[in-house]
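Subject: Two-chain model for you to look over

Hello,

Here is the structure I promised to pass on. Please open it first, then read my notes below.

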Amino acid sequence: MNEFNVEVHLPATRPDVAVIRLSGSLDAVSITELEKTFQELIQDKRRHLVVNCQKLRFVSSSGMGLFLGLLGEVEKQGGSLSFAQIAEPEVHDAMSLLGFFDVFPVYDQEIEAVQKSQHKA
Amino acid sequence: MKAMKLWGHKTNESPLKKIVEFVNAAQQGDFSVTLPVTSPGELGDLERAINRLVGELRDNRDRWEEQKAIQKELKISRVIQSTLLPSTLPDVPGVEILSLYRPAKQIGGDYYDFIEIDPNHLGIVIADVAGKSVSGAMLMTIIRNTIRSQAMLTLSPGEVLERTQRLLLPTMMSQFFVSVFYAVLDRRTKYMTCANAGHPPLLLLHAAENHCEWIKPGGMAIGLCRNGSKPLVKEEKEFPMMIGDLVFLYTDGITDVANREGRSFGREKLSEIAVGTAGRGAKEFLSALESQLASFSGDLSQGDDMTAVVLRRNL
């Protein structure tokens, strides 16, 4: 029911942006798959990453550690990491507790996140 | 990849004898050589097949030895980590104190601690390090010792967490962060002052009204903001523990326990158990919690560390 799945969308108008749509549970086991996807996108010059959490049901602390490590990596390359459509209250609560919303931009809509993905001055 | 030596043989030796001697040596564990392929036809095919087989055996042995080395490292880390957890529970007259610790993996990322700050003040720490195994255990050791040393310098839990973050940030790897809840209990007045770095809220059962309150001082997890763009200040909250009140500190490994339908145990159940066991001891609360966790998760394996500290004022 909560099988983890990653779907990548590459917006045609933004060759520097990638949208990663997650579903299911992101835990210590499933982060390996996601980490590989992120690395491939970064190598492919997709510096701005938008994580769509609409179908994400659970995120563990190791999953959040992955996002944090990734933030450091994309920022070094002038990129960004943002989140969109966090629908599950438990995911929202876990991120909010840690203080994620003070560090990562969060948007209601994926398209808005894509449009606002840009290098921070 | 090591350079392979060729299996020495005499030119007048029969090919089959050469193969048998080679296989015998491999059977003794000598994978350092390769059988020279000198025979024509099917015998040559056999020599090549034996080389492939011995190559695979060699790779498997190397992997097994690597695993053995990792297991040894993990064992050492586990021993170190077990010495970091308190071996005894603190004695506070009038307050029953218990703990629960169940690591999910060989080396957990959770820890709890009791700090005897001075005769009148007890520090209580519960933390969750994101990043398990050896590196997580090392970070936990550093965090624990930093909090311990800072706790001796001030009674302000907010200041302790703030200083800990300041000291640790320069050396923390970017994918690591730690959530910590730190409380200081005044042994005389039973007042508790607490601060929070991105940790789940403390549960306080008000015995007189038999209702629960979530104590959640604001503050980001340690390691989350590295560029100094956000203030490090940790908010503090203070409350008295009245007779019968129960305080519960825990890590998300408890509230995140999942059932077959993929739903989490959640915080609401904690308050229900606290209300349900009100008037009884901390032990009864913990027993009820453990039994509800077990029936909720069924036969699913434990996904994360489960750590908790419970205090109940009896007098």
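**The sheet in chain A**

A:Val19 has A:Val50 in β3(A) as its bridge partner. Strands here are DSSP runs of E, at least two residues long, and helices are runs of H or I, at least four, numbered from the N terminus. Two strands pair if DSSP finds at least two bridges between them.

Helix α2 (residues 61-76) of chain A packs on this sheet and touches β2, β3 and β4 (80-84) of chain A. Its direction makes about 175° with that of β3(A). Helix α3 (residues 89-98) of chain A touches β3 and β4 of chain A, at about 120° to β3(A). Contact means heavy atoms within 4.5 Å. Axes are lines fitted to C-alpha atoms, for helices over the stretch in contact, with angles from 0 to 180 degrees between N-to-C directions.

A word on the source: this is a predicted model, where local features need pLDDT of at least 70, side-chain atom pairs count only at pLDDT 80 or more, and totals for chains, interfaces and linings use all residues. Residues are numbered from 1 along each chain as its sequence is written, chains are lettered from A and ligands numbered from 1 in the order in which they are written, and side-chain values use heavy atoms, with hydrogens and water left out.

**The sheet in chain B**

Chain B has an open sheet of five strands, ordered β4-β5-β6-β7-β10, with antiparallel pairing. Its edge strands are β4 (110-118) and β10 (236-240) of chain B. The twist averages 20° from one strand to the next. Eight bridges link β4(B) to strand β5 (residues 121-130) of chain B. In β5(B), B:Gly123 is the bridge partner of B:Ile115.

**Where the chains meet**

On chain A, 18 residues are in contact with 27 residues of chain B. The area buried between them is about 1,800 Å², with 56% from carbon and sulfur atoms. Buried area is the accessible area (1.4 Å probe) that two parts lose on being put together, summed over both. In chain A, A:Leu68, A:Leu97 and A:Leu98 lose the most area to chain B, together 34% of what that side buries.

There are three salt bridges between the chains (a side-chain nitrogen of Lys or Arg within 4 Å of a carboxyl oxygen of Asp or Glu). B:Arg267 forms a salt bridge with A:Asp93, with the closest N and O atoms 2.9 Å apart.

Best wishes
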